[in-house]
Amino acid sequence: MKTFPIFLSLRGRPALVVGDGHMAAAKVRLLRDAGARVTRITNRDDPRVEPHQDDASRVLDRPFRTADVTAYALIYSATGDALEDARVAAAARAANVPVNAVDRPALSTFITPAIVDRDPITIAISSGGTAPVLARQLRLKLETDLPRRLGRLAAFAGSFRAAVKNAIADFGARRALWDDIFSGPIGEAVLRGDETSARERMISLINRSVTPPRGIVHVVGAGPGDPELLTLKALQALQRADVVFYDRLVSADVMDFARRDAERVFVGKTPGNPTMPQEEINALLARRAQAGERVVRLKGGDPFIFGRGGEEVAHLRARGIEVVVVPGITAAAGCAAAAQIPLTQRDHATAVTFVTGHAQNGEPDLDWRALASFGQTLAIYMGIAQAEVIAARLIDAGRDPATPVSVVENGTTDQQRVVSGTLRGLARLVSGNNITSPALLIIGAVTLAAADADRPVEALQAAV
Ligand code: SAH
């Protein structure tokens, strides 16, 4: 963060604008919108005769003096003159008064963000001075995306805040209620402009809502790594969570989407450290939900594919706890898409099998004959440690040693690597390229598409 974002209350407080041009006038308007008592120093030596129309701000027709700064909570210098702006900025800095010299970031101690104003909702966007045009584009996007009556909705909620607080003592229950209000029919009614019916519904809701909070667990798939591959449902669950239990494969970028005040509990495996036993995780999830909290259990990929999500759901349901499962993009689908390997394709593969290469005792316990059969793609999870055994068993069971393979490491992330070869050379492909976890093995003719994306499909088929 290059600058520290805060919303400063200037209501009734003195602010100074130095300068006389339209930039200065714009800053006067901005400060007045925020309720500041604005003084403008015009910096002119020759006092004008005509009176200023500028009613709400005080205008001093004289040059800026160093001693001026001490009386103000905030200063803009918009003189249009580099030396003069520097003089104002230096005086303000010396007195520790926040100062912005318009269009001179090097002189300024604060910047004015791009602002989306849906009063009382205010959105401020900054690029830390690096790309103001990008910040303005984002502003435009928000301006067009956000409902026009968003400010009304906030004001509407504000008018019921005290009543809701009186009716519902529990903080979590109150938050859940507000969530329902904003994303349900009441919020829609306000945004439509129908505040009368929204008000009626709101009153009956408050009268009914003296029920205790009910906990819930969302078992959520976080996708394969790229945070933009989260589902909207995952995002909503994360933003409403009281507590998030997450695994090693859940990236920090994904965790950034969790509600800021949500508690974050790591329950994954780290090499060399003791892992929290599954029973303990199950018990924790249940306990927190029974205490009325909104729990998110966040797992890499899809929770029901090699993720023990099924065990957790069964444990919770057996205790009568409400559970919602949110699917995620599983590693095979994510890695295949990112590497542009179609998992099935006419003429190459009519089936795809998700396999775990994890070995309980020594070697993966799999039906090699079934896996070796022609015309299917194998997507092997947790397979790199056993790459040599997997290749040997598949070849023994009849799979062609020349079958193309690809290995996708850190699929969908910035660190993604894809290496390709043949089944016969799989172990060397993995060790020779120092492939580390997480990595997915994809075995089958379809991987040719990635290995040689430029070759036309006919040539590809001929090679099979
Ligand atoms: N539930 C998860 C899988 C958990 S098992 C899912 O649906 O994707 C963990 C294995 O998934 C890893 O060993 C690796 O084989 C695979 N995997 C997960 N994320 C991956 C990624 N970004 N790139 C490659 N493989 C990944």
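How far apart do the C-alpha centres of domain 2 and domain 3 lie? In this predicted model, the two centres are separated by 29 Å. The domain assignment places domain 2 at residues 150-207 and domain 3 at 216-329. Domain 1 (14-112) and domain 4 (333-462) complete that assignment.

The interface of domain 2 and domain 3 was examined next. Four residues of domain 2 contact five residues of domain 3. The size of an interface is often given as the accessible area lost when the parts come together. For domain 2 and domain 3, about 380 Å² is buried, with 32% of it on carbon and sulfur atoms. Two salt bridges are counted between these domains. In a salt bridge, the side chains of Arg-175 and Asp-242 meet at 2.4 Å, N to O. On the side of domain 2 that touches domain 3, one residue is nonpolar, one is polar and two are charged.

The ligand site was then considered. The ligand is surrounded by 18 residues. Ile-305, Thr-330, Ala-331, Gly-411 and Ala-439 are the closest. For Ala-439, a backbone N or O atom lies 2.7 Å from a ligand oxygen. A ligand nitrogen lies 2.8 Å from a backbone N or O atom of Pro-224. For Gly-300, the distance from a backbone N or O atom to a ligand nitrogen is 3.0 Å. On its own, the ligand has 550 Å² of accessible area, and the protein covers 92% of it.

How values were computed. Residues are numbered from 1 along each chain as its sequence is written. This is a predicted model: local features need pLDDT of at least 70, side-chain atom pairs count only at pLDDT 80 or more; totals for chains, interfaces and linings use all residues. Side-chain values use heavy atoms; hydrogens and water are left out. Domain bounds come from an automatic or database domain assignment. Contact means heavy atoms within 4.5 Å. Buried area is the accessible area (1.4 Å probe) that two parts lose on being put together, summed over both. A salt bridge is a side-chain nitrogen of Lys or Arg within 4 Å of a carboxyl oxygen of Asp or Glu. Ala, Val, Leu, Ile, Met, Phe, Trp, Tyr, Cys and Pro count as nonpolar, Asp, Glu, Lys and Arg as charged, and the others, Gly among them, as polar. A residue is near a molecule or strand if one of its heavy atoms lies within 4 Å of it. A polar contact is a pair of N or O atoms within 3.5 Å; within protein, one must be able to donate a hydrogen and the other to accept it, and residues adjacent in sequence count only if both atoms are side-chain atoms. Accessible areas come from the Shrake-Rupley method with a 1.4 Å probe; for residues, only the protein chains shown count as cover.
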